[in-house]
Amino acid sequence: MNNNLLIYGANGYTAELIIELALNEGAKPILAGRSEEKLAPLAKRHKLPLRPFALDEPGIVAKNLAGVAVVLNCAGPFSRTAKTMAEACIEAGVHYLDITGEIDVFEALALMGPKASRAGVMLMPGTGFDVVPSDCLVAHLKRRMPDANALTLAFQAIGRPSHGTATTMVENLHRGGMIRRDGKLTAVPSGSASREIDFGRGPVSTMRIPWGDVSTAWVSTAIPNIEVFMAAPTALQWMARASRYLGGVMGSNLVQNLLKRQIDGGPAGPNAEQRQRGASHLWGQVRNAAGQTATSRLDTVEGYALTALTAWDIAKRTAGGEAQPGYRTPSLVFGADYILNFAGTKRTDL
Ligand SMILES: NC(=O)c1ccc[n+]([C@@H]2O[C@H](COP(=O)([O-])OP(=O)(O)OC[C@H]3O[C@@H](n4cnc5c(N)ncnc54)[C@H](OP(=O)(O)O)[C@@H]3O)[C@@H](O)[C@H]2O)c1
């Protein structure tokens, strides 16, 4: 069962959660990544096949995809890995999935959509917390208000970030914010807006962030104006605003290396108990030209637990024949109600 599924970056924190789910179901995914030294103990422990290879050369990557039907890329920051792996997948006729949340990565892969389509290959980045629950919520809101022309999304993640998420955040610190305005991606200053949002337990302070849905919700719904907010303590909102004036400093090797050393010294990610205790709350609102609104909330499990569940489920479905060639978002293929399949998930229309 599912022996033709390759997990790249298999020694990473999130990949290991996915491998655990696969093993519980008796699946035998191929473990891949750039470091044989790091992968070998994992492959030995779980008696799984091993394919060590780096992503420097698409031709070599494609050769390593022989006999594979689906790649689930868990190696992030994806700005370093997604394009090469997706190109190799197209060349080898293999479906490509990942767990990115990076806008630039979504946009780059969307441009590869027509080529993927001709090759009969599906490219679906964002099969984790970003963007599965939010993309399903957005599709539901569009269904409630078909003439919506503006979308505001927000989320509150209760739990702590993993090593890879923290590294990805640090690498994007100096890049500023992003919204979609009249169908176009539009750069805005970091933390350029804040607002109070009620996720179900009273108003919470949130700030605008450059989240993946600014890219994907447009593909899923064609709503031309999109912004995303994240619940954040005041100190973080101050830091985000300060980074506008410190962009060069934040992006400098000195500061980047300092922050990454601190991340490397910390734990790989939330432990089992922290994942169990954590939760994710999403809120979305659409508005039409007449000023009418529709608002819905989605409550679900902790972000990394959910990422493992959705990424593994999408990988299985893709291997099982549910793939659609071309660039696809989760809700386009699996529908707005897909997220309701996962235990602990509840949607409420307000
Ligand atoms: N969308 C979501 O909701 C969501 C959820 C979870 C995680 N993520 C993202 O997923 C990524 C992984 O997170 P994590 O916490 O699992 O990270 P992690 O524990 O730090 O693992 C990262 C993995 O990526 C590999 N890698 C990094 N750069 C690479 C490169 N240039 N070439 C080949 N392999 C490379 C690493 O290999 P080495 O060990 O050899 O360095 C490692 O296997 C992050 O970008 C994170 O933001 C997103």
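Trainee: Which residue has a polar backbone atom 3.4 Å from an oxygen atom of the ligand?

Mentor: That residue is G9, whose polar backbone atom lies 3.4 Å from an oxygen atom of the ligand. This is a predicted model, in which local features need pLDDT of at least 70 and side-chain atom pairs count only at pLDDT 80 or more, while totals for chains, interfaces and linings use all residues. Residues are numbered from 1 along each chain as its sequence is written, and side-chain values use heavy atoms, with hydrogens and water left out.

Trainee: Why is helix 1 called roughly parallel to helix 2?

Mentor: Helix 1 (residues 13-24) and helix 2 (residues 36-46) pack at an angle of about 15 degrees, with their axes 12 Å apart. Angles under 35 degrees count as roughly parallel, over 145 as roughly antiparallel, 65 to 115 as roughly perpendicular and the rest as oblique, which makes helix 1 roughly parallel to helix 2. In this pair, E16, I19 and L23 of helix 1 meet L42, R45 and H46 of helix 2, where contact means heavy atoms within 4.5 Å. By class, this contact has three nonpolar, one polar and two charged residues.

Trainee: Why are helix 1 and helix 14 called oblique to each other?

Mentor: The axes of helix 1 and helix 14 (residues 303-322) come within 9 Å and cross at roughly 55 degrees, and an angle of that value falls in the remaining class, so helix 1 and helix 14 are oblique to each other. Y13, T14, L17, I18, L21 and A22 in helix 1 meet Y304, T307, A308, L309, A311 and W312 in helix 14. By class, ten of these residues are nonpolar and two are polar, with no charged ones.

Trainee: What makes helix 5 oblique to helix 9?

Mentor: The axes of helix 5 (residues 103-111) and helix 9 (residues 213-221) cross at roughly 40 degrees and come within 8 Å, and this angle makes helix 5 oblique to helix 9. The contact brings I103, F106 and E107 of helix 5 to V214, S215 and T216 of helix 9.

Trainee: Which residues does a cis peptide bond with omega of about 5 degrees join?

Mentor: That bond joins G76 and P77, and P77 is placed in the loop between strand 4 (70-73) and helix 4 (82-92). The peptide bond from D130 to V131 is also cis, with omega near 15 degrees, and V131 is found in the loop between strand 6 (122-124) and helix 7 (132-144).

Definitions and conventions: Axes fitted to C-alpha atoms, helices over the stretch in contact; angles between N-to-C directions. Helix = DSSP H or I, 4+ residues; strand = E, 2+ residues; numbered from the N terminus. Nonpolar A, V, L, I, M, F, W, Y, C, P; charged D, E, K, R; others polar. Polar contact = N/O pair within 3.5 Å; in protein donor to acceptor, adjacent residues only side chain to side chain.
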